[in-house]
Amino acid sequence: MKALFSRAPVLATVLLLGIWGNVHAAPYTTLDGAASGVSFGYSQMNVKMGGSFGELRATEFHFDPAQPEAAKVSIEIKMSSVDAGYAEANTELAKDDWLAWRAHPIATFSSNRVDVLDANSYQVTGSLTIKGVTKEVSAPFTFKEDGDTGVFEGSFSFQRADFGIGEGQWKDFGIVANVITVTFKIVAKS
Amino acid sequence: MNHHTVGLRDEKLSAYRAYTRSAIILHWLVALGMMATFAVGFYMAGLPLSPNKLQVYSWHKWAGMSLLALVMVRLAWRISHPVPEFPTSMDAMAQRAAHAGHWLLYFLMLAIPMSGWLMSSAQGFSVVWFGVLPLPDLVSKDAELGAALKQAHVILNYTLAGTVVGHVGAALYHHFVKKDSIMSRMLPLARRT
């Protein structure tokens, strides 16, 4: 009898832990815009430069660690929140030759597929739209749980000419190289 | 053996009252290089952002780093080789002033490219020498420090411009007014005998 009574709290604990566990395993559905960031690297006269976008938000976010293939994400990045590393460049990027952000204020990424590469490592493939041009890109990323948040980190590169970024006098890749590397850290809550 | 040879050459040089051929070449390379780089710096500062501006800035930095290396070679040569003495017609005060002027010039020749390199680092632009050799950032990116260093770079350059005017003025004064050999001993085509 005694043994039975002592089993009850154990059982309760196990059940509670089970629910607790389920809460944690719940899909991540909300992107934390303040904690997340998108940065980029480019090469100017063979000098490595860095920049970032200050404002991004998710119009759709769903990542279930138990079902990563079913994940879906759509992200919007405000082009005018760019910092390319120096004030003159930030002013220049507003122009039509670069991001033309009056006509195209938002760049979007919308996932079409998520593949599992390894334990905690995945690859998302989707449509990247910048300056009205849409191209498919794939980005490997890692996922880890940090407290009650999920952290997704990855990178990919694209060629700026594919999106008409840097036209006119800036077309020469000897000044600003064609390859732009994007690095992202997305922090999401359930 | 080597030491003996150098000793002999020094004797001859002091007899000719001339700088070594290397000292003369280094002097004129640095002089022409600094004037050209100064002119480019003066021209580029007001340019609006364009591919041309980025190229001109890069060339200015590459030239500045080349001059820094050249000035260090020159300084090593200056320290390791005796310079011809001043003529006795120069009083102690004038000799001290000439020495002070020369060392101020050496200080500025080093401080100007160093301040440029520092300012470039602080503004977040690494220097990649001729687009090939990445030089280390001397300080991390800091906009305020970058602005202060830019100001230092400009002030040092105008100090150099003023000091060079004094330097050239003194040389011409010696040549045309005092009619001594001070200037001709640094001229590239000076008679060596």
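Author: Happy to. Please keep in mind that this is a predicted model, in which local features need pLDDT of at least 70 and side-chain atom pairs count only at pLDDT 80 or more, while totals for chains, interfaces and linings use all residues. Residues are numbered from 1 along each chain as its sequence is written, with chains lettered from A and ligands numbered from 1 in the order in which they are written.

Buried here requires 20 or more other C-beta atoms within 10 Å of a residue's own, exposed is 12 or fewer, and partly exposed is in between, with C-beta atoms placed from the backbone. Chain A has two helices and 11 strands, in the order α-β-β-β-β-β-β-α-β-β-β-β-β from the N terminus. Helices (H or I, at least four residues) and strands (E, at least two) are DSSP runs, numbered from the N terminus.

Now to chain B. Of its 193 residues, 20% are buried, and its elements are five helices and two strands, arranged as α-α-α-α-β-β-α along the sequence. Two residues are in contact if their C-beta atoms, placed from the backbone, lie within 7 Å. In chain B, 70% of the contacts between residues at least 6 apart in sequence join residues at least 24 apart.

How far can you trust it? The mean pLDDT (the predictor's confidence in each residue, from 0 to 100) of chain B is 90, and 89% of its residues reach 70 or more. Residues 1–16 of chain B are below 50, and this stretch has eight contacts in the model beyond near neighbours in sequence. The complex as a whole gets an ipTM of 0.80 and a pTM of 0.84 from the predictor.

Let's follow the helix pairs in order. Helix H2 (residues 21–44) of chain B and H3(B) cross at roughly 155°, and their axes come within 9 Å. That angle makes H2(B) roughly antiparallel to H3(B). Axes are lines fitted to C-alpha atoms, for helices over the stretch in contact, and angles run from 0 to 180 degrees between N-to-C directions. Under 35 degrees counts as roughly parallel, over 145 as roughly antiparallel, 65 to 115 as roughly perpendicular and the rest as oblique. H2(B) passes H3(B) in a left-handed crossing, meaning that the near helix is turned anticlockwise from the far one by less than a right angle (clockwise would be right-handed). Their contact has 16 nonpolar, six polar and two charged residues. Ala, Val, Leu, Ile, Met, Phe, Trp, Tyr, Cys and Pro count as nonpolar, Asp, Glu, Lys and Arg as charged, and the others, Gly among them, as polar.

H3(B) also packs on H4(B), at an angle of about 145° with the axes 9 Å apart, and this crossing is left-handed. On the H3(B) side the contact includes Gly64(B), Leu68(B) and Val71(B), while H4(B) brings in residues including Tyr106(B), Pro113(B) and Trp117(B). By class, 11 residues of this contact are nonpolar, three are polar and one is charged.

That brings us to the pair you asked about. Helix H4 (residues 92–122) of chain B meets helix H5 (residues 143–177) of chain B at about 155°, with axes 9 Å apart, and the two are therefore roughly antiparallel. H4(B) passes H5(B) in a left-handed crossing, and the contact contains 13 nonpolar, 10 polar and one charged residues.

In the segment after H5 of chain B you will find Lys179(B). Its phi is positive, about 50°, although Lys179(B) is not a glycine. Most residues other than glycine have a negative phi. Lys179(B) is exposed, with 9 other C-beta atoms within 10 Å.

Finally, the neighbour: 12 residues of chain B are in contact with 14 residues of chain A. On the chain B side, helix H3 (residues 51–80) gives the largest share, four residues. That side divides into five nonpolar, seven polar and no charged residues.
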